[in-house]
Amino acid sequence: MPTPKRITVKAPAKVNLSLKVGALDANGFHPVETVYQAVDLYDDIVATHDDILRLTCEGEGAELAGNGPGNLAWRAAELLAKHAGIEPQVHLHITKRIPVAGGMAGGSADAAGALIACDALWQLGTPREELLALAAQLGSDIPFSVAGGTALGRGRGDELTTMMARGEFHWVFALSNEGLSTPAVYNEFDVTSPDAPTPEVSPALIAAIAAGDVRAAAKHFENDLQVPAIRLRHSLNATLRAGREAGALAALVSGSGPTCAFLARDADHAIELAIELQASGAVHRTVRASGPVRGAHVISID
């Protein structure tokens with residue numbers, strides 16, 4: 001095949017339908033059990049050939065994402081190149097739509113997108129399982145950003161089991177104008193829940209997702225990081241309350257926050273919910289999305 005000049009990848013945001021967190025272990029990690037769902041809010045990652053590794057970003061929050069070795073997409077390109085025994089000669093350009101430091105795995109999505117884009121640009125043909133293993137080296141959420149759909153995550157969140165999921169979930173996300181540090185939220189969790197039990201997702205949630213019963217699933221949404229996130233950002237209480245008063249089936253902090261996720265009855269209700277949330281004055285901005293969708297994937301080869 002001719003060598004491609006440019007690869008464009010879409011990488012989705014995620015929401016945790018349930019995030020159960022255990023106490024800090026001897027290795028300094030928190031065991032988790034979580035239900036991930038990929039939603040159709042995407043960052044775009046474009047990979048083109050270059051003499052060196054370069055990274056540029058545009059879009060909301062791009063200045064916070066960084067354009068050097070601290071960016072997970074940069075590290076993903078370096079890791080894949082090292083794995084293949086080649087130099088990481090690529091220009092990665094990221095268009096941000098997923099909130100930065102918003103609890104929706106925007107950085108993880110970019111890393112997953114970089115892995116997929118560079119693998120295609122360099123024509124490596126890396127087996128899927130190897131890509132997932134490389135993703136796990138980079139961060140806990142990154143394997144799911146590669147896989148997408150709906151999945152149960154265990155361990156650090158990187159041990160994935162694809163879940164049977166019927167139906168469509170319609171979401172409204174209330175975005176903040178200021179991020180929230182994931183390490184800070186976990187530190188606060190350690191203060192509030194030093195003896196947290198072994199994490200376990202509700203079997204009723206898993207059954208409801210398999211049956212496509214959105215209303216039943218909503219009754220079992222949980223997030224053990226919600227209380228510590230609210231302790232660090234008290235205004236989240238008002239945001240969650242506004243969503244409940246607007247008729248959301250469920251209202252929860254997304255991941256480590258500060259994004260709040262509201263489940264709607266259907267697409268029409270999502271529009272109404274977004275309008276009411278925006279009018280409440282309790283949110284900076286809203287965005288609608290639905291899931292589940294596929295993980296990071298190539299959309300064009302030039």
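Burial first: I call a residue buried under 20% relative accessible area, exposed over 50%, and partly exposed in between (1.4 Å probe, protein chains only). This is a predicted model, so local features need pLDDT of at least 70 and side-chain atom pairs count only at pLDDT 80 or more, while totals for chains, interfaces and linings use all residues. Residues are numbered from 1 along each chain as its sequence is written, and side-chain values use heavy atoms, with hydrogens and water left out.

Entry 1: As background, most residues other than glycine have a negative phi, and most peptide bonds are trans. Ala-105 has a positive phi of about 60 degrees. I found Ala-105 in the loop between β4 (90-96) and α3; helices (H or I, at least four residues) and strands (E, at least two) are DSSP runs, numbered from the N terminus. With 12% relative accessibility, Ala-105 counts as buried. Gln-123 also turned up, with a positive phi of about 55 degrees. Gln-123 sits in the loop between α3 and α4 and, at 39% relative accessibility, counts as partly exposed.

Then I checked for cis peptide bonds. The bond from Gly-257 to Pro-258 is cis, omega near 5 degrees, and Pro-258 is in the loop between β9 (250-253) and β10 (260-264). Gly-291 and Pro-292 are joined by a cis bond too, with omega about 5 degrees. I place Pro-292 in the loop between β11 (285-291) and β12 (297-301).

**Entry 2: helix α4.** Which residues of α4 (residues 128-138) are buried? I get Leu-131, Leu-132, Leu-134, Ala-135 and Leu-138.

**Entry 3: α2 against α3.** These two pack at an angle of about 35 degrees, axes 7 Å apart. The axes are lines fitted to C-alpha atoms, for helices over the stretch in contact, and angles run from 0 to 180 degrees between N-to-C directions. From α2, Leu-72, Ala-73, Ala-76, Ala-77 and Leu-80 make the contacts; among their partners in α3 are Gly-107, Ala-111, Ala-114 and Cys-118.

**Entry 4: rings.** I searched the whole structure and got four aromatic pairs. Rings of Phe, Tyr and Trp (its six-membered ring) pair if their centres lie within 6.5 Å; planes under 30 degrees apart count as stacked, over 60 as edge-to-face and the rest as tilted. Tyr-36 and Phe-144 are stacked, because their ring centres are 4.6 Å apart and their planes at 10 degrees. That pair links distant parts of the chain, with Tyr-36 in strand β2 (residues 32-49) and Phe-144 in helix α5, 108 residues apart. Both Tyr-36 and Phe-144 are buried. Phe-169 and Trp-171 are stacked as well, with centres 6.5 Å apart and planes at 15 degrees. Phe-169 is buried at 1% relative accessible area, Trp-171 at 0%. Phe-169, Trp-171, Phe-173 and Phe-221 form one aromatic cluster.

How values were computed: Contact = heavy atoms within 4.5 Å.
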